[in-house]
Amino acid sequence: MVFRRIVVLLMGCLGCDQPTEPSDNLQESKTVIDESAIGTTTCRVRLSDGRFLAYRERGVPKNKCKYRIIIVHGFGSSKEMSFMASDELLDVMEIYLLIYDRAGYGESDPNPKRSVKSEASDIEELADQLQLGSKYYVIGVSLGCYPAWSCIKCIPQKLAGVALVVPFVNYKWRSLPDDLTNDDYRKQLCLFVMWLTRYTPGLLHWWLTQKLFPSATALEGNPTFFCEKDLDVLKNTPGYQLFTQDGLRKRRVFDSLRRDFIVAFSKWDFDPLELSNPYLENESSVHIWQGYEDKVVPVQLQRYVAQSLPWIRYHEVPDGGHLLVYDTVVCEAILKSLLLGEDPPLYRPKLE
């Protein structure tokens, strides 16, 4: 039972929203539906390798908008994730949001060749097929930030701006100093779960879905990985679950989560902390948003990332945890900062 809780806690804390169960009766289409159907119909596009990606749209129709933003969900989440910016703000600022199911999530096909680079390729091809223009914005959330890092590395010329919201940190980035991570219990848990995920997937799948040893959800009321504000979200959001036993029982769902976790925490072909500024003319901007009370990604670690990349604009929410996308005020501040360049004093870090 303790083993199971450790695994679920570590994997679960990397998600930010409840997942969508795959549909068995999808209508596959290569074309975009009528703009008037935004928000009411599931749409999918076929990629060059034959896979389908599902997406939904919010805000102003893309043929009438001023800003086009792709939102990348985190671990165990889907295109149904919450991003609590109000419809009124989206209308006033003329914002179009595209939220898609990453490979293997929700109603998108799995990618057995998933890699850090393939995540950027999926975003680029999705944007091209939906005709988002020569440049667009990307917002990554939690584990969904590794596709955003990949975009900065692989397709910086396509990005009008990027916001990394509570981005996870890969302990295998070679630039991370040992003295900053050696005493971080999250690192040891990550290594342990990575070993299980990579070498004993069958055992892990059985243990997460068996009912011989029932236990309450590991997330409910647990302060280990969630601050007080996060726990309020968990308590007050109806039906909030990162993933369920029934969902994990589907091997397709489990395998997709497993691949995503392995790619995210394996060694990458680049170190984000060594990236040079791709926007020397300030033609685009990159932002990090971190909660000071975040127990998933410690603020000290995120501050080190920001200090290593001085060209990134760092924002810190004083009482925020890991579930920032459930805070309407913060979500709207993220949009105004990304699109208008606002820098609210409230979110400037108070460095000791």
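Biologist: What should I know about the model before I start?

Modeller: The model is predicted, so to speak of local features we need pLDDT of at least 70, and side-chain atom pairs count only at pLDDT 80 or more, while totals for chains, interfaces and linings use all residues. Residues are numbered from 1 along each chain as its sequence is written, and side-chain values use heavy atoms, with hydrogens and water left out.

Biologist: How many helices and strands does the chain have?

Modeller: Helices (H or I, at least four residues) and strands (E, at least two) are DSSP runs, numbered from the N terminus. The chain has twelve helices and eight strands.

Biologist: How do I read a sheet?

Modeller: Strands of a sheet pair through backbone hydrogen bonds, either parallel or antiparallel. Two strands count as paired if DSSP finds at least two bridges between them. Here eight strands make an open sheet with mixed pairing, in the order β1-β2-β4-β3-β5-β6-β7-β8. The edge strands, β1 and β8 (313-317), each pair on one side only.

Biologist: Which strands run antiparallel, and which run parallel?

Modeller: One antiparallel case is β1 (residues 43-46) with β2 (residues 52-59), joined by four bridges. Arginine 44 has alanine 54 in β2 as its bridge partner. These two strands form a hairpin with five residues between them, and glycine 50 in the turn has a positive phi of about 95 degrees. A parallel case is β6 with β7 (residues 285-291), joined by five bridges. There, valine 162 stands opposite valine 286 in β7.

Biologist: What does buried mean, and how much of the chain is buried?

Modeller: Buried means under 20% relative accessible area, exposed over 50%, and partly exposed in between (1.4 Å probe, protein chains only). Buried residues make up 59% of the 352 residues.

Biologist: How many residues are in the largest nonpolar core?

Modeller: A nonpolar core is a set of buried Ala, Val, Leu, Ile, Met, Phe, Trp, Tyr and Cys residues joined through side-chain atoms within 4.5 Å. The largest has 104 residues, and those with the most contacts inside it include Ile69, Trp149 and Leu335.

Biologist: How do I read aromatic pairs?

Modeller: Rings of Phe, Tyr and Trp (its six-membered ring) pair if their centres lie within 6.5 Å; planes under 30 degrees apart count as stacked, over 60 as edge-to-face and the rest as tilted. The structure holds twelve such pairs. Tryptophan 149 and tryptophan 173 have ring centres 6.2 Å apart and planes at 80 degrees, so the pair is edge-to-face. Both tryptophan 149 and tryptophan 173 are buried.
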